[in-house]
Amino acid sequence: MITTQEAFEKYRQRLELSETERKDTIKRHTEVRELIRADFAVDRDILTGSYGRSTKTKPLKDVDVFFILGQKEKDKYRNKPPSELIDAFVKTLRNTYGDDAVEPGRRCATVEFEKNTKDEEGKVLSIDAVPAFDIGDCYEIPDRILGKWIKTDPEIHADQATKKNRELGGTWVPLVKMVKRWNRSAGKPIKPSFLIEVMMQELVDAPFTAYPSEVRRFFAAALDGVGKSWPDPAGYGPPVSDQMTPELIAKAKESVRQAEMKAAIAVRYEQQGRQGDANALWREIMGKYFPAS
């Protein structure tokens with residue numbers, strides 16, 4: 001019977017991309033980049049979001065490609081409703097993938113490669129194509145819900161994640177993946193998943209102890225944290241927590257409360273020598289990738 005520490009190490013490894021997933025991701029995002037570049041003046045495009053920050057969990061859904069458009073597109077779209085540029089991206093991508101596979105999102109055009117698959121392993125389920133304009137000190141992207149252009153800087157987000165991960169000796173990124181995987185297994189009580197990263201920038205501090213204790217500490221801290229307003233860490237956009245309505249906050253608090261209680265019981269089981277029960281309960285908390293034995 002493996003120990004809790006060994007189980008968490010296996011869990012960490014299982015959340016890493018396989019070679020199949022890595023190759024499929026490159027194939028998919030390269031194809032989307034080529035399609036957008038064929039129809040729009042693109043100065044450069046970069047991988048952003050949790051995939052770009054290496055905090056993406058399996059399955060690979062919503063891989064973000066950030067398209068920094070040139071002056072020609074800025075002259076054409078910047079003074080129009082932001083939804084028009086998103087719709088233009090949608091039109092381009094539908095020409096290749098079909099109407100059912102491409103949908104306009106809040107700030108992007110989303111291509112869904114696998115809509116109703118039961119076998120999610122080794123596959124990229126969707127890619128988000130995000131249009132952006134460089135305005136000097138940061139970028140502007142369209143926001144369909146707000147009906148305006150909002151400022152952001154994903155490169156600052158990436159730098160902050162890299163710095164935090166370095167401060168914790170390379171353990172912060174795997175810890176974020178673990179908590180994100182819990183969030184997905186629990187029905188996504190915390191939205192968007194980027195909010196988890198923002199919270200963990202503040203709620204996880206050095207020195208790092210061990211994955212099970214740090215996960216439990218996050219659950220305890222999140223009881224208060226999910227009710228706070230969490231600003232864009234780059235200092236530009238709307239709060240990252242703007243999707244968390246009072247109703248969602250209440251549900252999220254209950255989810256983290258239940259997770260923390262079960263984690264406490266799992267720790268007690270381990271102390272009592274009931275290692276199998278401890279691992280089984282951690283699997284119930286963290287989801288299917290956690291080894292039961």
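The areas come from the Shrake-Rupley method with a 1.4 Å probe, and for residues only the protein chains shown count as cover.

I note that this is a predicted model, in which local features need pLDDT of at least 70 and side-chain atom pairs count only at pLDDT 80 or more, while totals for chains, interfaces and linings use all residues. Residues are numbered from 1 along each chain as its sequence is written, and side-chain values use heavy atoms, with hydrogens and water left out.

**Entry: the chain as a whole**

I counted 11 helices and 7 strands in the protein chain. Helices (H or I, at least four residues) and strands (E, at least two) are DSSP runs numbered from the N terminus. The C-alpha trace spans about 65 × 35 × 35 Å along its principal axes. I compared the radius of gyration, 20 Å, with the value near 19 Å that a compact globule of 293 residues would have, and the two agree. This radius is taken over C-alpha atoms, and the globule rule is 2.2 Å times the number of residues to the power 0.38. Of the 293 residues, 49% count as buried.

**Entry: the lysine patch**

I returned to Lys 80 and placed it in the loop between helix H4 (71-77) and helix H5 (82-97). Lys 80 gathers with Lys 72, Lys 76 and Lys 91 in a surface patch of positive charge. Patches are made of residues with over 30% relative accessible area and no salt bridge; like charges are joined within 9 Å, and nonpolar side chains (Val, Leu, Ile, Met, Phe, Trp, Tyr) within 5 Å. Lys and Arg count as positive and Asp and Glu as negative, with His and the chain ends not counted. I took the place of a charge as NZ of Lys, CZ of Arg, CG of Asp or CD of Glu.

**Entry: salt bridges**

My search of the whole structure gave 22 salt bridges, each a side-chain nitrogen of Lys or Arg within 4 Å of a carboxyl oxygen of Asp or Glu.

I examined Arg 106 and Asp 143, whose side chains meet at 3.0 Å, N to O. Arg 106 lies in the loop between strand S3 (102-104) and strand S4 (109-112) and Asp 143 in strand S6 (residues 139-143), so the pair ties together parts 37 residues apart in sequence. Arg 106 is partly exposed at 21%, whereas Asp 143 is buried at 0%.

I then took Glu 197 and Lys 180, which form a salt bridge at 2.7 Å, N to O. Glu 197 belongs to helix H8 and Lys 180 to helix H7 (residues 172-185), so parts 17 residues apart in sequence are tied together. Both residues are buried.

In the loop between H7 and H8 I found Lys 188, which has a positive phi of about 55 degrees although it is not a glycine. Pro 192 has its place in the loop between H7 and H8, and the peptide bond from Lys 191 to Pro 192 is cis, with omega near -10 degrees.

Terms used:
Buried < 20%, exposed > 50% of the residue type's maximum accessible area, 1.4 Å probe, protein only.
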